[in-house]
Amino acid sequence: MADESDLDTSILPLEEDNIDLLNESTLDMDCESMLHALAFYNNIIDSTESKEFKKKPKKAIRVNALAIVKIGASQNTYIAQLEADSKPKPPPKKAKPALSTSKKQHLAVVKPKDVTRSSADTKEFIKKSIDITQVKAGVKKVANLRNGGILIETVSEEDLEKLLKEIENNERITENYKVGKPDKRNPQFICFGVSEETDEATVAKCIKYHCGVQENSNEVKIVHSYKSQRGMNWIFETAPGLYKQIMTMNKLNIGWERVSFREYLRPLRCFKCCRFGHLAKNCKEESDVCSNCGNQGHTYKDCSKDKSCRNCILHNEKARNKVDINHSCTSRLCSSYEREIKLLINKTNYE
Ligand SMILES: [Zn+2]
Ligand SMILES: [Zn+2]
Ligand SMILES: [Zn+2]
């Protein structure tokens, strides 16, 4: 358990307005430190008396953690959720990896060789070239992709195979389009607060030991690392089978420490325009977009406007199901962000 001197002083009081910030700043904290900080800011304990902290019922502290989790899911206000959660609850289980909540999708990607074609053209071409009643494959939906491509989702893997076979045997299609299953990414996980003195070779060695692979194996890779307020955070990529194995553990030993870890899911987001799916260096926007209010001409540091999320505004312009827009576009409560996380899970090969 962290002692009080370790407390993250950048965390703001737990008022509704600060929820976004709290979620942001707790991202890189392990569960124990988060509970500690939450308890501190709710006056559940007097932070100057560490004995008190240990003595007080853990239940009260856990209630807060549950509230945070629930806000993410339901977008209820923090306060309402706290009241609803005032009844005793069984101790929370360790957060399950996204693996357990992800439903397998059966997807095919069709991309035009001629990049000037639109997704609508592609869709029409495929629909005309294939008699779906002959293939007898159940199509769930057809969605547009960037650069004129489309994504076809079927109801089962069997249906997907039938459809792919039909497409691959159709020369008219294969002359003009590249067809296949979407590329999947390997799962990643992040270890929190590793001592800065622990060098990369030691980190790699320890993780490979946990995965039960040889030191020269490339089934486990360090993706990158960054400095957080509580030490170095290391991000790893693993082969799917190894990921499953790692996720059965509670903590990992790295050097002389035992550290927390969890699945790492971070959608690609542009710092310039706040949109998902590309990086700032590839951004087509002419000037920066404020991440707090979604307007151009200033940054969030100089922003005096109300929070409003550019991604959710753009979503509402097109979609029938309208979502809340009164949050910054870096908020973890953003439904556009939640959608990107789901997409990332669907793109991950856990098997
Ligand atoms: Zn951009
Ligand atoms: Zn602004
Ligand atoms: Zn949003």
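Below are my entries, one topic at a time.

**Entry 1: what I am looking at**
I remind myself that this is a predicted model. I kept to local features with pLDDT of at least 70, and to side-chain atom pairs at pLDDT 80 or more.

**Entry 2: salt bridges**
I started with the count, and the structure holds seven salt bridges. I then followed up some of them.

I looked up Glu157 and found its side chain in a salt bridge with Lys181, at 2.9 Å from N to O. Glu157 sits in helix H8, residues 157-168, while Lys181 is in the loop between strand E4 (177-180) and strand E5 (188-194), so this pair ties together parts that are 24 residues apart in sequence. I checked how open the two ends are: Glu157 is partly exposed at 25% relative accessible area, and Lys181 is partly exposed too, at 42%.

Lys181 came up again with Glu161, in a salt bridge of 2.7 Å, N to O. Glu161 is also in helix H8, and Lys181 is in the E4-E5 loop, so the pair links parts 20 residues apart in sequence. For Glu161 I noted a relative accessible area of 39%, which is partly exposed. Through shared partners, the salt bridges join Glu157, Glu161 and Lys181 into one network.

Buried or exposed, I wondered about Asp159? Asp159 is buried, with a relative accessible area of 10%, whereas Lys162 is partly exposed at 33%.

**Entry 3: the zinc site**
Which residues hold the zinc ion (ligand 3)? I found Cys309 (SG), Cys312 (SG), His327 (NE2) and Cys334 (SG) coordinating the ion, at 2.0 to 2.3 Å. The angles among the four donor atoms run from 106 to 113 degrees, and the site is tetrahedral. For reference, the ideal angle for four tetrahedral donors is 109.5 degrees. Along the chain, the donors of the zinc ion (ligand 3) are spaced as C-x2-C-x14-H-x6-C. Cys312 belongs to helix H12 (residues 310-318) and Cys334 to the loop between H12 and helix H13 (335-346), so the pair ties together parts that are 22 residues apart in sequence. I also checked burial here: Cys312 and Cys334 are both buried.

**Entry 4: strand E7 and its partners**
I went to strand E7 next, residues 231-238. Seven of its eight residues are buried, so the strand is largely enclosed by the rest of the structure. I looked for what pairs with E7. Strand E6 (residues 220-228) runs antiparallel to E7, with eight bridges between them. E6 and E7 make a hairpin with two residues between them, and Ser228 has Gly231 of E7 as its bridge partner. E5 is also antiparallel to E7, joined by five bridges.

**Entry 5: a nonpolar patch**
Ile132, Val139 and Val142 make a nonpolar patch of about 190 Å². One of them, Val142, is in strand E2 (residues 139-144) and is partly exposed, with a relative accessible area of 30%.

Terms used: Residues are numbered from 1 along each chain as its sequence is written. Chains are lettered from A and ligands numbered from 1 in the order in which they are written. Side-chain values use heavy atoms; hydrogens and water are left out. A salt bridge is a side-chain nitrogen of Lys or Arg within 4 Å of a carboxyl oxygen of Asp or Glu. Helices (H or I, at least four residues) and strands (E, at least two) are DSSP runs, numbered from the N terminus. Buried means under 20% relative accessible area, exposed over 50%, partly exposed in between (1.4 Å probe, protein chains only). Donors are N, O and S atoms within 2.8 Å of the metal (3.2 Å for Na, K and Ca); water is not among the atoms, so sites may look incomplete. Four donors count as tetrahedral if all angles lie between 85 and 135 degrees; four count as square planar and six as octahedral if opposite donors are over 155 degrees apart and all others between 65 and 115; anything else is irregular. Patches are made of residues with over 30% relative accessible area and no salt bridge: like charges are joined within 9 Å, nonpolar side chains (Val, Leu, Ile, Met, Phe, Trp, Tyr) within 5 Å. Accessible areas come from the Shrake-Rupley method with a 1.4 Å probe; for residues, only the protein chains shown count as cover. Two strands pair if DSSP finds at least two bridges between them.
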